[in-house]
Amino acid sequence: MSGRTATPDLALVQPGGAAADDALARGAALAVRGLTVSYGAAPAVFSVDASFPSAAMSAIIGPNGAGKSTLLKAALGVIPRLSGTVQVAGVPLDRARDRIAYVPQRASVDWDFPATVRDVVQMGFYRRLGLFGRLTGADRARTVACLDRVGMADFADRQIGQLSGGQQQRVFLARALAQEAELYLLDEPFAGVDAATERAIIDVLRGLRDDGRAVVAVHHDLATVRDYFDHVFLMNTRAIAEGPVARAFTAAALEAAYGGRLGATHLAGLAG
């Protein structure tokens, strides 16, 4: 698989042949095979295979510039890939887009856009309704329910740019909830938010997992990986290790991903 070399201390996925690979992809909420993305001469993501399980919370981790957000966007089809395939629950991406909800990085959003909190959440219905479709009473009730779930029901008429960073992130999560997706992709959902918002977001994501949904998040805080996630994928342009957190989130895997950026004491503490 992608020419990866097995290292005894790393929880790398071992080659099992095409049949085993296909079976793994069919059983995953999200599976990418041979994914390569380049913004120039050097690839940002190179020949990556990864599988993210259903009914689980998965983290994509690695150092800055490792290609984490690029992998997520390419898997979603937001940016083009040079090679590779993407499947959602065993179905090609082009036939499964209605099963996916996406929460982008806050820094990528135009917060001056003249929309209220309610407007933003109701954008989650557009794929089903189309640009000129009319909202039903049930849609309006669901909007309130989604805002209430993230603690933002009292801000429904507030312009989105008037909110704090943590409040904005909650609203975008409410928009994702409105889509009633099977797979939730989030790009650094905890970046720049306050502790109360982080707790609120993780509670919502755990609820989605417990309902049988899959959550895949680009994550940067190594100290919370064991507390927040069930499954982990480590990368640095290439795949490094993947699997259940207890097996794959090891000192050896972190050293392979981060190199000398993490001290030995820090590594030992993170890996438990």
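A search of the whole structure finds 3 aromatic pairs. Rings of Phe, Tyr and Trp (the six-membered ring for Trp) count as paired if their centres lie within 6.5 Å; planes under 30 degrees apart are stacked, over 60 edge-to-face, and the rest tilted. The structure is a predicted model, in which local features need pLDDT of at least 70, side-chain atom pairs count only at pLDDT 80 or more, and totals for chains, interfaces and linings use all residues. Residues are numbered from 1 along each chain as its sequence is written, and side-chain values use heavy atoms, with hydrogens and water left out.

Helices (H or I, at least four residues) and strands (E, at least two) are DSSP runs, numbered from the N terminus. Both F52 and F233 are buried. Buried means under 20% relative accessible area, exposed over 50%, and partly exposed in between (1.4 Å probe, protein chains only).

The rings of F190 and Y228 have centres 5.5 Å apart and planes at 55°, so this pair is tilted. It too links distant parts of the chain, 38 residues apart: F190 lies in the loop between β7 (183-187) and α7 (195-210), Y228 in helix α8 (residues 225-228). F190 and Y228 are both buried. Together with F229, these two residues form one aromatic cluster.

An open sheet is built from 4 strands in the order β2-β1-β4-β5, with antiparallel pairing. The edge strands are β2 (43-53) and β5, each pairing on one side only. Helix α2 (residues 68-76) packs on the sheet and touches β1, β2 and β4; its direction makes about 110° with that of β1. Contact here means heavy atoms within 4.5 Å. Axes are lines fitted to C-alpha atoms, for helices over the stretch in contact, and angles run from 0 to 180 degrees between N-to-C directions.

Strands of a sheet pair through backbone hydrogen bonds, either parallel or antiparallel. Two strands are taken as paired if DSSP finds at least two bridges between them. β1 and β2 are antiparallel over 7 bridges. They form a hairpin with 4 residues between them, and S38 stands opposite P43 in β2. β1 (residues 28-38) also pairs with β4 (residues 83-88), antiparallel over 5 bridges. In this pairing, A31 has Q87 of β4 as its bridge partner, and V32 stands opposite V86. β1 is mostly covered, with 10 of its 11 residues buried.

At the other end of the order, 2 bridges join β4 to β5 (residues 91-92), again antiparallel. Q87 stands opposite P92 in β5. The β4-β5 hairpin has 2 residues between the strands, and A89 takes a positive phi near 50° there.

The largest nonpolar core has 54 residues, and I61, L205, V232, L234 and F249 have the most contacts inside it. Helix α6 (residues 165-178) gives the most to this core, with 7 residues. Apart from it lies another core of 31 residues, including V48, A75, V88 and M235. A nonpolar core is a set of buried Ala, Val, Leu, Ile, Met, Phe, Trp, Tyr and Cys residues joined through side-chain atoms within 4.5 Å.
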